[in-house]
Amino acid sequence: MTSPHTLPPPTPYDRGLALLQRLEGREPPSLVEALGDVAPDLARLAIGFVYGEVLARPQLALPQRQLVTVAALAAMGHARPQLKFHIAGALNAGCSSQEIVELMIHLVVYAGFPAGLNGMFAAQEVFTERGVPHRPAPPAGAGAAAADRYRAGWEALCRIDGSAGTQVVASLSGVAPDLGRFIVEFAFGDVYTRGGLDLLQRELATVAMLSALGHAAPQLRVHAHGLLNVGGTPEQLVEVVIQVAAYAGFPAALNAMRVVQDVLAERASTSAA
């Protein structure tokens, strides 16, 4: 029985409101003001569910969650106001400007240069609006010989994606070997070997991007393995996909979860053998 002096537990809306205010750094949140006259229930549902039930879960740290959200929104490419909001939220959650810039560079591998450039321009606007200083990192691997790029990329590919990744490159040898070479040299030799994000951050972001895009199940499978290979847990993998439901919709999350379910079952079977 609850004591008359015991405060009731916070509702999902209460938790969500506190978290949203922390991320935005203002009270009341702009979402409440923007929708108050036209659709207050939409604001209530967003705060209670997205922030109070999904983002408040403990399986990912708040900076990880904000990078996941920024990755998903930037990959989709059609939600610039929300992307800017969550870039600012990532800064408030403790992410650095370097991490956000590096995330946009990483994005070009999975959503293309237009998405990466648009994401970078949005980040640049947020940095300017907030007076956040950002000094570009020195160029990585500038002038590296092709053999060095390929070797570094192949080592990274093997370490991150294992046989699932090397099989992708091998499958291209008979029809488009140059595409396989670009994957090794550019995606893994030039991008994955950069600083600014650790490998777990990169794979969390990659799973979020591919899940949100919704049309890359084979690649999602490779990077679900990759996330686990670099030290991520099954709980973190599942959690990224749950979070994507809030930003890309439940159909995208359900399709991605089927891939994750297959990967986890495959790894459980292999470890038991």
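**Close-up 1. The residue just after α6.** Just after α6, G112 takes a positive phi of about 95 degrees; helices here are DSSP runs (H or I, at least four residues), numbered from the N terminus. The model is predicted, and local features need pLDDT of at least 70, side-chain atom pairs count only at pLDDT 80 or more, and totals for chains, interfaces and linings use all residues. Residues are numbered from 1 along each chain as its sequence is written, and side-chain values use heavy atoms, with hydrogens and water left out.

Close-up 2. The 15 residues of α6 should span 21 Å at 1.5 Å a residue, and the end C-alpha atoms of α6 are 21 Å apart, which agrees; the expected span is 1.5 Å times one less than the number of residues. Because 11 of the 15 residues of α6 are buried, this helix is largely enclosed by the rest of the structure, where buried means under 20% relative accessible area (1.4 Å probe, protein chains only). Among the buried residues are E99, E102, H106 and Y110. The buried residues of α6 pack against α4 (62–76), α5, α7 (113–130), α9, α10 and α11, contact meaning heavy atoms within 4.5 Å.

**Close-up 3. The largest pocket.** About 540 Å³ of space lies in this pocket. On a 1 Å grid over the protein atoms alone, a pocket is an open set of points with protein on both sides within 12 Å along at least five of seven lines, a cavity is a set of points where a 1.4 Å probe fits but cannot get out, and lining residues have an atom within 4 Å of a point. Grid points are joined across faces, edges and corners, and a volume is the space filled by probe spheres set on the points. Of the 18 lining residues, L31, A46, Y51, Q82 and H86 lie nearest the centre of the largest pocket, and α3 gives the largest share of the lining, 6 residues. The lining has 15 nonpolar, 3 polar and no charged residues, with Ala, Val, Leu, Ile, Met, Phe, Trp, Tyr, Cys and Pro counted as nonpolar, Asp, Glu, Lys and Arg as charged, and the others, Gly among them, as polar.

**Close-up 4. The second largest pocket.** This pocket holds about 460 Å³ of space and is lined by 20 residues, with V109, Y110, V168, I183 and Q219 nearest its centre. The largest share of its lining, 6 residues, comes from α9.

Conventions. Helices (H or I, at least four residues) and strands (E, at least two) are DSSP runs, numbered from the N terminus. Buried means under 20% relative accessible area, exposed over 50%, partly exposed in between (1.4 Å probe, protein chains only).
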